[in-house]
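I opened a new notebook page for this structure.

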Amino acid sequence: MPEIHGNIEGIRKSVLDELTSLYDVQLEPGVFMPQELLNGLCGYSASLNREIAVYITRFGEIADVFIGRNDSIDLPDLRLRRSERRLSMIRCIHTHPNGWGELSDVDVSALLSMRFDAMCAVGVSKDGRPTSTQCAFLDPQHEGQVMRTELLNARKMPQDEWMARIEEVDEAYVAALPKLQKEHERAVLVGIESEESLDELQELAKTAGAETVLRVLQKRPKPDTVFCIGRGKAEELSLRVQAIQADLVIFDEELSGVMQKNLEEILRVKVIDRTALILDIFAGRANTREGKLQVEMAQLQYRSQRLLGQGLVLSRLAGGIGTRGPGETKLEVNRRRIRDRLTDLRRELEQIEKQRGLRRQNREKNGVPIVALVGYTNAGKSTLFPRLTGSSVYVMDQLFATLDSVSRPITLPHGGKALLVDTVGFIRKLPHDLVQAFRATLEEAKLADVLVLVADGSDRELESRHATVEEVLESLGAAEAPRIVALNKCDLFEDIPDRMPGAVRISAADGTNLDELLSRIESELDAGTQEVKLLVPFASYGLINRLHTLGTVLSQDYVDEGVQVLIRMDAQNVSYVCREGAKVLEK
């Protein structure tokens, strides 16, 4: 639980409880110090005749509250970033009871040593009103020096200007870092399932740009309802997190809003779960309009389930025209805004889905079969796709290298055509919100004529990951679709016995056995078809090119009446070409 630190001797518990409620405050973006919060802080400072300091993070959270003496305060170092060449991501606002808001030499020294985003002092009158204020920022051009503002009226604190100054200083420090140096967030991974699951979480963290500095596994039958790992383990973890100066903690389990809030209070660093991590990766991978809309929708659905009352901020009534009468709290306003945005997103995605449906109808009308590549993320689908289609797509050895669904035509061994679709990779514990948002994209797998399940044959978890793919396909209603299992990376496991009998061993990297894979695809597409000898009159000669897309042309001979074609195709396409002028000679 959050506590008030420093000189609290002689202060009533009721007052300490009121000050503790400050930890529930969530500042709006772009607000340096809300006037209402500042007024309350000055009131407590005057009544106690002691300096009070609050640490506010770059995310608008109250990280710590300290009480000092009437003329000084001890400020402990609390960093959210490890690098000594970056800002701490914390601004310090503290009061000067019975005095002016002019910064002292001690204040400036604390700014320099702790590398605060900003150091701000506020003068307090005897009756508890803010008088004057002054703020200082580090000078990125001159190490060891600061930039001070003028002494201003505290009731006219330039909120946007000071927040913009923080961003300018931080950007200047980033630009000053060596160009080859890339700073990663230092992450602690926590799980309650298995080491294998943590291995995958570590790969996800790496994909998101985080450096794993500690892994913690506490095996338990189910998550603790308050801290996920139990209070004792959380307190122990808090000490280890501070000792290694980690930036964030990533949990392998999905956290409720209450769990996340409790964990951040006890760990004092940013806490996210596996779902938030995957959503963050997806947000960075989405390139198309549809992909970006789907990710935003999944993120909003995720956040709406974790939108808790944030104490003084979200529990207050919003003001202004249109809110009179019963009114709405800020919590209700935020929920309404999320609902409104979700409605807009669903409307846009419905329009995109209609366009997708029209394209799908055109493909069905033209009789072009669809082959979908599905499989666990990083199994090699995006490497296999350009090998089979001859197209250029983004390929990288990382989880979720490609997010947006891509389709290209392929040519089968006997000249037939098909459309190959590369889908988003599956993963264990795929977030439900993500499945819902990407349902339209994932349905490409459901509607495919043949599924190619690409699996990493060198993966020691091949069987369990294949089972995950089967579960996702079943949830999409694609469990009955014809399928071919392609064991990729055979160049890495040539001497290993067959782990999945009947699968095609391939290597997307060097092209091994891709001809065999194409032959298997053709055979599956031909299943349920029949060989038909057709006569295409010269008057309908334009139909010849269409035949190559409607089936597999086995032979073609010119006769006096036209062109005799031996073709393998399904009954529906036979009826279609007959309507277009062809005649059936033999079945």
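My entries follow, grouped by topic.

**Ground rules.** I am working with a predicted model, where local features need pLDDT of at least 70, side-chain atom pairs count only at pLDDT 80 or more, and totals for chains, interfaces and linings use all residues. Residues are numbered from 1 along each chain as its sequence is written, and side-chain values use heavy atoms, with hydrogens and water left out.

**Confidence.** I checked pLDDT, the predictor's confidence in each residue, from 0 to 100. The protein chain has a mean of 81. In it, 84% of residues reach 70 or more. Then I looked up residues 309-328, where pLDDT stays under 50. For this stretch the model has 31 contacts beyond four places in sequence. A contact means heavy atoms within 4.5 Å.

**Cysteines.** How many disulfides does a search of the whole structure find? I got 0. A disulfide is a pair of cysteine sulfur atoms within 2.5 Å. Buried means under 20% relative accessible area, exposed means over 50%, and partly exposed lies in between (1.4 Å probe, protein chains only). C228 is buried at 0%. C490 is buried too, at 7%.

**Strand β13.** Helices (H or I, at least four residues) and strands (E, at least two) are DSSP runs, numbered from the N terminus. I picked β13, residues 370-375. Because 6 of its 6 residues are buried, β13 is largely enclosed by the rest of the structure. I370, A372 and V374 point one way from β13. V371, L373 and G375 point the other way.

Which strands pair with β13? Two strands pair if DSSP finds at least two bridges between them. β15 (residues 417-422) pairs with β13 in the parallel sense over 4 bridges. There, I370 stands opposite L419, and L373 has D422 as its bridge partner. β16 (residues 450-456) also pairs with β13 in the parallel sense, over 5 bridges. Here V371 is partnered by V450.

**Strand β15.** I moved on to β15, which is mostly covered, with 5 of its 6 residues buried. β14 (residues 406-411) pairs with β15 in the antiparallel sense over 6 bridges. In this pair, I410 stands opposite A418. The hairpin of β14 and β15 has 5 residues between the strands. G415 in this hairpin takes a positive phi near 95°.

**Helix α5.** α5 (residues 195-207) has 13 residues, so it should span 18 Å. Its end C-alpha atoms are 18 Å apart, which agrees.

I listed the buried residues of α5: S197, L198, E200, L201, L204, A205 and T207. They pack against β9 (185-191), β10 (210-217), β11 (248-251), α8 (274-285) and α14 (462-475). G209 follows α5 and has a positive phi, near 100°.

**I67.** I67 is buried, with a relative accessible area of 2%. I67 and R50 are 17 residues apart in sequence. In space they are 6.7 Å apart, C-alpha to C-alpha.

Definitions and conventions. Expected span 1.5 Å × (residues − 1).
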